[in-house]
Amino acid sequence: MGEYAELRGVRSWFEVEGDGEPLVLLHGGFCTAETWGAQRGELAGAYRVYLPERRAHGHTPDVPGPLTYADMADDTVAFLETVVGGPAHLVGWSDGGIVAMLVALARPDLVRKVVLMGASFRPAGECFVEPAMLDSMTAEGDDLAFFRGLYEAVSPDGPDHWPTVVDKVIEMWRTEPTLTEDDLGRISAPTLVLVGDDDLMTLEHTIALYRAVPRSRLAVVPGASHVVPLEQAGLVNRLVLEHLALDEVETMLPVRRAPANPGG
């Protein structure tokens with residue numbers, strides 16, 4: 001069962017499971033806590049897992065005005081401060097990964113380690129394999145039918161509000177985020193960048209993200225799309241748990257991670 005917390009004036013739903021260090025699962029766009037079903041049980045065997053639903057998603061109502069990643073990141077900071085009560089690991093999928101990056105930049109004191117799945121740091125036109133997909137994406141279309149079902153089942157705003165949320169999310173994807181590689185270079189938390197080999201994001205964009213974040217590792221999951229946590233759940237869970245438990249990356253022939261030459 002979930003419960004509500006007041007976060008920056010938004011009555012925000014969350015669920016909690018397990019014991020141990022806090023780990024916050026940040027869902028993707030149009031998603032709910034339910035879409036973490038293939039992860040929550042296994043991760044909760046080692047961590048205290050928090051599953052918040054952001055504004056206009058799941059049980060959490062929409063608010064007037066546009067949806068922005070900045071607002072959702074500020075909501076997440078408030079969640080960490082008031083519900084979690086301190087720093088946590090952040091595992092973000094798609095939009096949730098963008099939120100995790102913004103939180104790691106704004107409040108590194110609240111972030112232990114980060115996992116980014118299918119995340120981007122630029123607007124859709126600069127990172128989607130097929131940016132034109134947004135032009136054909138509609139509230140009643142087949143592309144969003146699965147997500148429409150999730151929304152209509154639990155949203156306090158009612159099914160008639162779904163088209164408004166679709167318009168807001170698609171506009172956000174067209175215009176945000178607007179991070180630079182220099183911005184990413186300020187992320188200090190150890191980060192796993194994870195992507196399906198047939199993701200919505202270009203592999204080139206994901207590699208640029210990986211290269212820009214200083215303490216990062218890269219995992220390209222074969223036979224997977226943008227819904228890699230569902231398609232390759234066992235592998236994804238293993239990679240996440242390994243990353244969270246890892247102290248330092250040690251390899252036999254480091255190049256990117258080679259120690260700097262003091263005299264160089």
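By salt bridge I mean a side-chain nitrogen of Lys or Arg within 4 Å of a carboxyl oxygen of Asp or Glu. Arg40 sits in helix H1 (residues 40–44) and Glu15 in strand E2, so the pair ties together parts that are 25 residues apart in sequence. Helices here are DSSP runs of H or I with at least four residues, strands are runs of E with at least two, and both are numbered from the N terminus. Both Arg40 and Glu15 are buried. Buried means under 20% relative accessible area, exposed means over 50%, and partly exposed is in between, with a 1.4 Å probe and protein chains only.

Some housekeeping. This is a predicted model, in which local features need pLDDT of at least 70 and side-chain atom pairs count only at pLDDT 80 or more, while totals for chains, interfaces and linings use all residues. Residues are numbered from 1 along each chain as its sequence is written, and side-chain values use heavy atoms, leaving out hydrogens and water.

Back to the salt bridges. The structure holds 17 of them. In one, the side chains of Arg8 and Asp75 meet at 2.6 Å, N to O. That pair links distant parts of the chain, with Arg8 in the loop between E1 and E2 and Asp75 in helix H2 (residues 69–84), 67 residues apart.

Another salt bridge joins Glu126 to Arg122, with the closest N and O atoms 3.0 Å apart. Glu126 is partly exposed at 48% relative accessibility, and Arg122 is partly exposed at 21%. There is also a network: salt bridges that share partners join Arg8, Arg55, Asp71, Asp74 and Asp75.

Now the sheet. Eight strands form an open sheet with mixed pairing, in the order E1-E2-E4-E3-E5-E6-E7-E8. Two strands pair if DSSP finds at least two bridges between them. The edge strands, which pair on one side only, are E1 (3–7) and E8 (216–221). From one strand to the next, the twist averages 25°. Angles run from 0 to 180 degrees between N-to-C directions, and axes are lines fitted to C-alpha atoms, for helices over the stretch in contact.

Take E4, residues 48–52, which pairs with E3, residues 22–26, in the parallel sense over three bridges. Here Pro22 stands opposite Arg48, and Leu23 opposite Val49. E4 also runs antiparallel to E2 (residues 10–17), joined by four bridges, and Phe14 stands opposite Pro52. Why is E4 described as largely enclosed by the rest of the structure? Because four of its five residues are buried.

Last, the E8 end. Helix H8 (residues 203–212) lies across strands E6 (111–117), E7 (191–196) and E8, and runs at about 160° to E8. Contact means heavy atoms within 4.5 Å. Leu203, found in helix H8, is partly exposed at 39% relative accessibility. Together with Leu218 and Val220, Leu203 makes a nonpolar surface patch of about 210 Å². Patches are made of residues with over 30% relative accessible area and no salt bridge, joining like charges within 9 Å and nonpolar side chains (Val, Leu, Ile, Met, Phe, Trp, Tyr) within 5 Å. The areas come from the Shrake-Rupley method with a 1.4 Å probe, and for residues only the protein chains shown count as cover.
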